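Work through the following exercises with the sequence and the model side by side. Each one begins with a task and continues with a solution in steps.

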Amino acid sequence: MKKIEAIVRKTHFEDVKEALFAADINWFSYSEVKAIGQNREERIYRGVMYSTDIISRIEITIICRDQFVQPAIDAIMKAAHTGEVGDGRIFVSPVDDTWSIRTGEHGDSVLADRK
């Protein structure tokens with residue numbers, strides 16, 4: 001099992017979500033996050049100076065079986081890519097075990113589709 005964490009532009013979240021569904025990734029969590037970007041400059045908007053180094057993004061977290069890792073990464077890369085600075089990052093790390101709180105089951109069988 002692997003944990004995939006992707007940080008993407010808010011404007012591309014719907015595209016990424018649809019691409020993940022198309023890749024048979026049917027469960028993931030997401031949250032709004034703030035990040036520090038590479039660009040550090042100040043801008044003036046309506047007479048108020050603000051910094052552009054803090055950016056709002058969406059962080060998507062997926063726990064999946066190994067065979068779904070590459071399809072998930074491909075879906076995120078395709079849907080979130082603009083070619084410009086700030087497209088985001090994807091991190092993949094191992095997951096040792098997972099437990100179902102409801103049933104007490106553990107292991108990757110917990111990730112099986114329940115219809």
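A residue is called buried when its relative accessible area is under 20%, exposed when that area is over 50%, and partly exposed in between, with a 1.4 Å probe and protein chains only. The model is predicted, so that local features need pLDDT of at least 70 and side-chain atom pairs count only at pLDDT 80 or more, whereas totals for chains, interfaces and linings use all residues. Residues are numbered from 1 along each chain as its sequence is written, and side-chain values use heavy atoms, with hydrogens and water left out.

**Exercise 1. The fold in outline**

Task: list the elements of the protein in order, and then state the strand order of the open sheet of four strands.

Solution. Begin with the inventory: the protein has two helices and six strands, where helices (H or I, at least four residues) and strands (E, at least two) are DSSP runs numbered from the N terminus. Read from the N terminus on, these elements follow the pattern β-α-β-β-β-β-α-β.

Next, take the sheet. Four strands form an open sheet in the order 2-5-1-6, and their pairing is antiparallel; two strands pair if DSSP finds at least two bridges between them. Strand 2 (29-36) and strand 6 are the edge strands, each pairing on one side only. On average, neighbouring strands of this sheet are turned by 25° against each other, direction ignored. Strand 1 and strand 6 are joined in the antiparallel sense over seven bridges, and I4 has V92 in strand 6 as its bridge partner.

Finally, place the helices, bearing in mind that contact means heavy atoms within 4.5 Å, and that axes are lines fitted to C-alpha atoms, for helices over the stretch in contact, with angles from 0 to 180 degrees between N-to-C directions. Helix 1 lies across strand 1, strand 2 and strand 5, and runs at about 10° to strand 5. Helix 2 lies across strand 1, strand 5 and strand 6, and runs at about 5° to strand 1.

**Exercise 2. Salt bridges**

Task: say how many salt bridges a search of the whole structure finds, and examine the pairs K17 with E14 and D87 with R9.

Solution. Start from the criterion, which asks for a side-chain nitrogen of Lys or Arg within 4 Å of a carboxyl oxygen of Asp or Glu. By this criterion the search of the whole structure finds five salt bridges.

In the pair of K17 and E14, the closest N and O atoms are 3.0 Å apart. Both residues lie in helix 1 (residues 13-22), three residues apart, which is about one turn of the helix. K17 is partly exposed because its relative accessible area is 21%, and E14 is partly exposed as well, with 44%.

In the pair of D87 and R9, the closest N and O atoms are 3.2 Å apart. This pair links distant parts of the chain, since D87 sits in the loop between helix 2 (69-80) and strand 6 (88-94) while R9 belongs to strand 1 (residues 2-9), 78 residues away. Both D87 and R9 are buried.
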